[in-house]
Amino acid sequence: MTTRWLTPEEQRAWRAYLAAARLLDDAIDRNLQQTAGMPHLFYSVLANLSEAPDRRLRMTDLAETLKITRSRLTYAVTRLERDGLVRREDCRWDKRSSIAVLTGEGLAVLERTAPGHVQTVRATLFDRLTPEQVGQLEEICTGIARGLQGDDTEPGAAEDVPWRRRSSCSSSAPPASPESRPAGN
């Protein structure tokens with residue numbers, strides 16, 4: 001097997017991506033730790049629950065939305081539960097699953113934190129891009145995500161995505177149509 005080494009242009013792009021991603025993650029995480037005492041993952045859990053119908057999602061669906069393993073989500077939800085920001089309920093249509101529910105206190109924390117978070121995201125990312133670059137960034141990231149998740153035309157292509165890395169649950173929840181909220185994630 002012959003290794004397809006990166007071209008000099010690809011190497012520069014790769015390293016620029018790594019530097020930007022790490023710096024951006026760090027800036028967002030530091031801001032959320034200072035303002036809300038929580039990491040970005042915890043904020044993302046709250047934000048996604050706030051956008052779900054009745055502020056609730058099945059844990060496996062939330063893991064898929066967040067693109068993380070179910071065990072990592074379980075850890076985050078357990079911590080948020082301890083702080084009274086989320087609670088879990090049994091899933092009526094799938095006895096093997098549970099539902100994460102955003103509490104009133106969790107919504108209040110999210111509403112207090114969201115303006116500063118959005119300001120940080122804007123200052124660290126979008127204020128540095130032209131409108132054309134914002135569109136390009138979306139297109140590039142969407143293409144990468146689609147490729148990594150696989151699609152329905154390739155059997156088994158998406159078997160190793162993070163939210164399926166533990167025993168999977170094939171029952172599906174009733175479809176959810178998220179409401180628009182300014183919280184972002």
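**Surface, fold and local features of the predicted protein chain**

The protein chain exposes about 12300 Å², of which carbon and sulfur atoms supply 52%; accessible areas come from the Shrake-Rupley method with a 1.4 Å probe, and for residues only the protein chains shown count as cover. The structure is a predicted model, in which local features need pLDDT of at least 70 and side-chain atom pairs count only at pLDDT 80 or more, whereas totals for chains, interfaces and linings use all residues. Residues are numbered from 1 along each chain as its sequence is written, and side-chain values use heavy atoms, with hydrogens and water left out.

The average pLDDT of the protein chain is 86, and 81% of the residues score at least 70; pLDDT is the predictor's confidence in each residue, from 0 to 100. Over residues 166–184 the pLDDT is below 50, although this stretch has 40 contacts in the model beyond near neighbours in sequence. A contact here means heavy atoms within 4.5 Å. Where pLDDT is low, the predicted coordinates should not be read in detail.

The protein chain contains six helices and three strands, arranged along the sequence in the pattern α-α-β-α-α-β-β-α-α. Helices (H or I, at least four residues) and strands (E, at least two) are DSSP runs, numbered from the N terminus. Of the contacts in the protein chain with a separation of 6 or more, 63% are accounted for by residues 24 or more positions apart. Buried residues make up 31% of the 185 residues, where buried means under 20% relative accessible area, exposed over 50%, and partly exposed in between (1.4 Å probe, protein chains only).

Helix H1 spans residues 8–36 and includes Leu23. Leu23 counts as exposed because its relative accessibility is 61%. The C-alpha atoms of Leu23 and Thr124 are 9.1 Å apart in space, although the two residues are 101 residues apart in sequence. Tyr17 is also found in helix H1. Together with Leu6 and Trp14, Tyr17 forms a nonpolar surface patch with about 340 Å² of accessible area. Patches are made of residues with over 30% relative accessible area and no salt bridge; like charges are joined within 9 Å, and nonpolar side chains (Val, Leu, Ile, Met, Phe, Trp, Tyr) within 5 Å.

A salt bridge is a side-chain nitrogen of Lys or Arg within 4 Å of a carboxyl oxygen of Asp or Glu, and by this rule the count comes to six salt bridges. One of them joins Arg30 and Asp26, with the closest N and O atoms 2.9 Å apart. Because Arg30 and Asp26 are four residues apart in helix H1, about one helical turn separates them. An α-helix has 3.6 residues a turn, so residues three or four places apart point the same way. Arg30 is partly exposed, with a relative accessible area of 45%, and Asp26 is partly exposed at 38% relative accessibility.

A further salt bridge links the side chains of Arg88 and Glu81 (2.8 Å, N to O). Arg88 is partly exposed at a relative accessible area of 27%, and Glu81 is partly exposed at 29%. In the salt bridge between Arg87 and Glu89, the closest N and O atoms are 3.0 Å apart. Salt bridges that share partners join Arg87 and Glu89 with Arg56 into one network. The relative accessible area is 37% for Arg87, which is partly exposed, and 26% for Glu89, also partly exposed.

Helix H3 (residues 59–66) has Met59, Thr60, Leu62, Ala63 and Leu66 as its buried residues. Seen down the axis of H3, these residues fall within an arc of 160°, so they line one face of the helix; the arc is that of the directions from the helix axis to the C-beta atoms. The buried residues of H3 pack against helix H2 (40–51), strand E1 (56–58), helix H4 (70–82), strand E2 (86–90) and strand E3 (98–102).

Positive phi values occur at Asp54 and Lys67. Most residues other than glycine have a negative phi. Asp54, with phi near 60°, lies in the loop between H2 and E1 and counts as exposed at 62% relative accessibility. Lys67 follows H3 and has a phi near 60°; Lys67 is placed in the loop between H3 and H4 and counts as partly exposed at 39% relative accessibility.
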